[in-house]
Amino acid sequence: KMYRTGDLGRYRWDGQIGLLGRADTQVKLRGHRIELGEIEAVLGTHPEVAQAVVAVRDERLVAYLTVRETAPELSQLRVQLRTHLRRSLPEYMVPGIFMILDAFPLTPNRKVDRKALPQPESVFGTNADHYLPPMDVVETIVALIWEKVLQLERIGIDENFFELGGHSLLAVQMLAKVEETFAVRIPLVSMFQNPTVAQVSAMISAQPGPRNWSSLVAIKPEGKRKGLFCIHGLTGDVVWFTKLTPYFHPDQPVWGLESKGLDGQQPALESIEAMAAHYIRMMRKIQPEGPYHLCGYSYGGTVAFEAARQFLEQGEKVGLLLVIDHANPKSGYYQVKLGPTFLKGFIRNLPYRVIELSRIRPRYLWQRGTRQVRQMARYFFSRNATHSPSVNDLIDYGSSLPAPAQAVIVQNHRAMLEYTPGEYPRTLTLLRARGGHLLVSHEEDMGWTKFADRVNIRYIAGSHLELFSEHNIQSLAEAIQRCLDETGNDL
């Protein structure tokens, strides 16, 4: 088929090319380049939409619509449209606000006058009857905070923060105001599980305790496929994994597993074996039987490895064991072994570390630089040179985090050093960052061949600390999805 110059297409998840229309407008929003015409084209394929125009208002995507007579009320239509958009577009291209118009303002040339489109005074548009008001003082204050942060009016207690146009940066601002007002700290990841005014108010009102907190986080619970269980890194949280879901298959559920102790009430688990056993109990609540697909980034790779071993010992099937840029702590990979392999790896990875430092904010550059120098001095002047941070390094690393998170970092590191891995008689898939650590042995398998029957090695763009950055997140997600598909994800 012939396409006109200016037509816009995109690869679908199954490899086919879909024609989406013309790309007449492009904007940059929160680090992403977005073709507004692409969003309009997908909206136009919905049976209830007669015409759609998308614009940016106050750093948010707003979809202006004219709809057919059969269209449901806005609250129901908004859910339908978001589901429809997410089948074809990443999350950052899904509008946060939808407005229904009787007709679009036109220029003298009979084209849509984008400059004359109304400002979204209310997210509900013509659907004011849907508004559920706050029921107590806490809900009233929380709703006022949301209205100020989101710059909206009349936010109901059942409205989703992210569907109102909120994103992670606005969520951080909102939670900071909540902490300032109520002296209650709510983890950012809790917003993904409890994104409404009523739910946030309930977290504020409830007395914190072990019964109110779970290691299992529903990052994307919907989907017909077997779930992907993502295990935390050294910091214990799974916020980074939430960035992956827009690029996964629409039917791919994703669950996160966080460290005990992040709530400041429960003690952190003291061993890798105990963590793996605890997470297995959490996974069985969601998925009673295998095959289980496990993924661990950095430190989480060791926990995922042990969980896979324990699953096999219990007679369960493991579909995918995916370790993202991490070496087994007892493999010897984190020891400097001078020689051609070390020199080649050091030179290859050095530019990536320079790029990492160049992207750090100036006020953090000195802290990161001194930590790197301290580690290098320990490597070259210690008889037992090893890539293992000291307790002071860990404290510096988590200095901007709450006290419970700092304690989790130290305990997780101690558990890793004390862990003695067994054997895994199956295939382990290793996603390696092209830019790795500098002062390591630089073995290609990162030491996993000593413990797994077979290691499937794949390289991905970026360096260890930047895999989840906006520059690399899509390629990382697509690599994970390929691994899932090849494993037989829909078993």
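Guide: Axes here are lines fitted to C-alpha atoms, for helices over the stretch in contact, with angles from 0 to 180 degrees between N-to-C directions. The model is predicted, so local features need pLDDT of at least 70 and side-chain atom pairs pLDDT 80 or more, while totals for chains, interfaces and linings use all residues. Residues are numbered from 1 along each chain as its sequence is written, and side-chain values use heavy atoms, without hydrogens and water.

Visitor: Why is helix α7 called roughly perpendicular to α8?

Guide: The axes of α7 (residues 272-286) and α8 (residues 299-313) come within 8 Å and cross at roughly 70°. Angles of 65 to 115 degrees count as roughly perpendicular, and therefore α7 is roughly perpendicular to α8.

Visitor: Which residues make the contact of α7 and α8?

Guide: Contact means heavy atoms within 4.5 Å. Among the residues that make the contact are Ile272, Met275 and Tyr279 of α7 and Tyr299, Val303 and Phe311 of α8.

Visitor: What makes Ala218 and Trp255 partners?

Guide: A bridge links Ala218 to Trp255 in β10. Two strands pair if DSSP finds at least two bridges between them; β8 (residues 216-220) and β10 are joined by four and run antiparallel. Strand β9 (residues 228-231) also has four bridges to β10, in the parallel sense, with Leu228 opposite Val254.

Visitor: How do the residues of strand β10 point, and are they buried or exposed?

Guide: In β10 (residues 254-257), Val254 and Gly256 point one way and Trp255 and Leu257 the other way. All are buried, that is, under 20% relative accessible area (1.4 Å probe, protein chains only), where exposed means over 50% and partly exposed lies in between.

Key. Helix = DSSP H or I, 4+ residues; strand = E, 2+ residues; numbered from the N terminus. Parallel < 35°, antiparallel > 145°, perpendicular 65-115°, else oblique.
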